[in-house]
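This report concerns the pairing of oppositely charged side chains in one protein model. The sequence and structure are shown first.

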Amino acid sequence: MSKFKLDEVDLQILDMLIDNTRIPFTDIAKRLLISAGTVHVRVKKMEDQGIIMGSSLTLDYEKLGYSFIAYVGVFLNNTSQTKFVLERINEIPYVTVAHVTTGKFNIFCKIRAKDTKHAKDVIFMIDDIEGVYRTETMISLEESINDKKRLMHTIFQELD
């Protein structure tokens, strides 16, 4: 598949959608002085090309009672168990992200929990998975940077 070429209007549309995925196409159209139909067609084209893959919702986990974040490095008995272990990890709803990695850990997970006791229970769930040799946990004291927009602007500049 050839690389899809984004023009300035596409980049401006993406920029607004990154800020607010729920912004109406009519609002985007008014700001860019184009028709809402044009916005719709361009977004659809970017979806068809796989550039836009759905949209997301940002939650305030602290307000929901899940402010505790920890990262869990998972060591496996054997790398051939990776798929099986990931399937079991996927069954634990408090594991919000999991990566297969190189280096020290076989799998690296992000968990959200209510408090330290809850986090301990989640970590023990991971520890109890067949094939997990051991885990190593790091507690997040603060999420200091979580800004996809800066990366998107850098990517847009590199596309020029």
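The text below describes salt bridges and the solvent exposure of their partners.

The model is predicted. Side chains of opposite charge can pair when their charged atoms come close. The count for this structure comes to ten salt bridges.

| Salt bridge | N to O distance |
|---|---|
| Arg88 and Glu87 | 3.9 Å |
| Arg88 and Glu91 | 3.5 Å |
| Lys110 and Glu143 | 3.5 Å |

Arg88 has a salt bridge to Glu87 and another to Glu91. Arg88 itself is partly exposed, at 24% relative accessible area. Glu87 is likewise classed as partly exposed, with a relative accessibility of 36%. Glu91 counts as exposed because its relative accessibility, 54%, lies over the 50% cut-off.

The salt bridge between Lys110 and Glu143 links distant parts of the chain, the two residues being 33 residues apart. Lys110 belongs to strand 3 (residues 107-113), whereas Glu143 is in the loop between strand 4 (132-139) and helix 6 (148-159). Lys110 is buried, since its 15% relative accessibility falls under the 20% cut-off. Glu143, by contrast, is partly exposed, with a relative accessible area of 39%.

Salt bridges with shared partners also occur elsewhere: Asp7, Asp10 and Arg42 are joined by them into one network.

Notes
Residues numbered from 1 in each chain as written. Predicted model: local features only at pLDDT ≥ 70, side-chain atom pairs only at ≥ 80, totals over all residues. Heavy atoms only, no water. Salt bridge = Lys/Arg side-chain N within 4 Å of Asp/Glu carboxyl O. Buried < 20%, exposed > 50% of the residue type's maximum accessible area, 1.4 Å probe, protein only. Helix = DSSP H or I, 4+ residues; strand = E, 2+ residues; numbered from the N terminus.
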